[in-house]
Amino acid sequence: MDFRFSPEDEALRQEAIDFTKKEWDPKGYGDGEGIYYGLSWDHENEDLESLINEFEKKLVAKGWWTMHWPEEFGGKDAGIETQMAYREGMAYAGAPESLGGGLVAPVLMVAGQQWQKDYFLPKMASAEISYVSQGFSEPDSGSDLASLKTRAVKQGDNYVINGQKIWSTYRADWMHILTRTDPDAPKHRGITYLLMPLKDEKGDYLPGITVNAIPDALGRHRWDEIFLEDVKVPANNIIGEENRGWYAAMTTLSFERSNIQGPAMLLRILDQFIDYCRKIGRLGEQPLDNPVVRNQLANLRLEIETMRTLSFRVGWMQSKGDIPVKEASMTKFWGDQITQKVYLYLSQVLREYGNLLPTNKLKVPLPVNGFLNSNAFLSRTISVAGGTTEVQKNIIAQRGLGLPR
Ligand SMILES: Cc1cc2nc3c(=O)[nH]c(=O)nc-3n(C[C@H](O)[C@H](O)[C@H](O)COP(=O)(O)OP(=O)(O)OC[C@H]3O[C@@H](n4cnc5c(N)ncnc54)[C@H](O)[C@@H]3O)c2cc1C
């Protein structure tokens, strides 16, 4: 394995950093240096959402937004290493999501009907649609997602849907939803995947849909729950075949999943923390003069580097056509632990200054604009979202170490 990017990819990484510094301005929502740390954001903040969308359109114009898409859908077929170099640069510079289409575009490319490709992909490629709500998790189906119960029953030309989904934001115009169509089949085989409109032309929710906000630890509107009561969805909105939705939904596993953004963002945080300490001088005690702190910062730096190396391994396997399983779990497990550790440690070292939040207005500069503390809170969620620590450990134990179930 070669740990360096090719000269072309390295140049792209640097270009992504320079581009972001010049073109991305999160205004008052960043940390004062153009960085926007996305662990907590507020879906009622339309101002920030439109700033992000403006930036996405710049990435479209630059030809980067869909570089990872196949050429037949207007992309550039960029290899995994190129995507990683680009994403690492963007994340280090503090950009929001830098590649378009999310989880849905790849599924549509592989399993979507022609009308779905024709309607959705161009809108995603131009960042007109940049988010489609995810109707996967339910209150009783998270780790064991295939046990989901939201029911879809075919009646004439429609599926009629009843149930509840949670943990995405259901503010988009569309949701991609996994539903139970055959309750008697083995659990993975009775699931149907649908594209479901959430709103009418006026922007109101369709009949039978109720959405409630779930606030994060800082009180911001970060997630939702959605209740579906006799909601009609045209049967032609099916993705793939009836009762085979699980397999269509899982096709995204072959797309880039190194999470290279994670260590890049932490490295930048560490750099900013050190700059902040240097700038602010003494806070009773200068943290950087303390040998214990210096030692711990060096340890964190090494742990972030380990996280980066694990990401490289996942990307490297994918570039060879292998599907990382235990390796992806190791990356997620380690990344979650280190992310929580970095934010918690850095905010603790600054003592009372470390408790400041982005919303605090003081005359002194806030450390990383208060994002250390807010991310220390919010990073508690990452070892649950996307698969819990215990589930990752199970995969590592069984698929990696060959331990019995
Ligand atoms: C902040 C946040 C954001 C999220 N974002 C999304 C999202 O964008 N999209 C989405 O679809 N879902 C999302 N989720 C849902 C998330 O994927 C689930 O919460 C997660 O998979 C855990 O499922 P659960 O909540 O049902 O808990 P459970 O699966 O009931 O787990 C409860 C506890 O049991 C443990 N456990 C479960 N199974 C095993 C096992 N086999 N062996 C050992 N221990 C086990 C778990 O580790 C956990 O500690 C989000 C959740 C959170 C909290």
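**Domains and helix packing in a predicted model**

In this predicted model, the centres of domain 2 and domain 3, taken over C-alpha atoms, are separated by 33 Å. These belong to a division of the protein into domain 1 (7–100), domain 2 (133–244) and domain 3 (257–400). Where domain 2 and domain 3 meet, six residues of domain 2 are in contact with eight residues of domain 3. Together the two domains bury about 480 Å² between them, and carbon and sulfur atoms give 80% of that area. On the side of domain 2, Ser143, Leu218 and Arg220 supply 63% of the area buried against domain 3, more than any other three residues.

The packing of helices may be considered next. Two packed helices are described by the angle between their axes and by the distance between those axes. Three pairs illustrate this description.

The pair H1 and H2 comprises residues 7–23 and residues 46–62 respectively. Their axes lie 11 Å apart, and the helices pack at an angle of about 135 degrees. Angles over 145 degrees count as roughly antiparallel and those from 65 to 115 degrees as roughly perpendicular; H1 and H2 are therefore oblique to each other. H1 passes H2 in a right-handed crossing. H1 contributes Glu15, Phe19, Thr20 and Glu23 to the contact, while H2 contributes Phe55, Lys58, Leu59 and Lys62. Of the residues in this contact of H1 with H2, three are nonpolar, one is polar and four are charged.

The second pair consists of helix H7 (residues 261–280) and helix H8 (residues 291–319). Here the axes come within 9 Å and cross at roughly 160 degrees. Because of this angle, H7 is roughly antiparallel to H8. The crossing in which H7 passes H8 is left-handed. On H7, the contact is made by Gly262, Pro263, Leu266, Leu267, Leu270, Phe273 and Ile274; on H8, it is made by Leu297, Arg301, Ile304, Met307, Arg308 and Ser311. Which classes of residue form the contact of H7 with H8? There are nine nonpolar, two polar and two charged residues.

H9 passes H10 in a left-handed crossing. Tyr343, Leu344, Leu346 and Ser347 of H9 make the contact with Leu372, Asn373, Asn375 and Ala376 of H10. The contact of H9 with H10 has five nonpolar and three polar residues, and no charged residues.

The classes may now be set side by side. The contact of H1 with H2 includes four charged residues, that of H7 with H8 includes two, and that of H9 with H10 has none.

Note on methods. Residues numbered from 1 in each chain as written. Predicted model: local features only at pLDDT ≥ 70, side-chain atom pairs only at ≥ 80, totals over all residues. Heavy atoms only, no water. Axes fitted to C-alpha atoms, helices over the stretch in contact; angles between N-to-C directions. Helix = DSSP H or I, 4+ residues; strand = E, 2+ residues; numbered from the N terminus. Parallel < 35°, antiparallel > 145°, perpendicular 65-115°, else oblique. Left-handed = near helix turned anticlockwise from the far one by under 90°. Contact = heavy atoms within 4.5 Å. Nonpolar A, V, L, I, M, F, W, Y, C, P; charged D, E, K, R; others polar. Domains from an automatic or database assignment. Buried area = accessible area lost by both parts, 1.4 Å probe.
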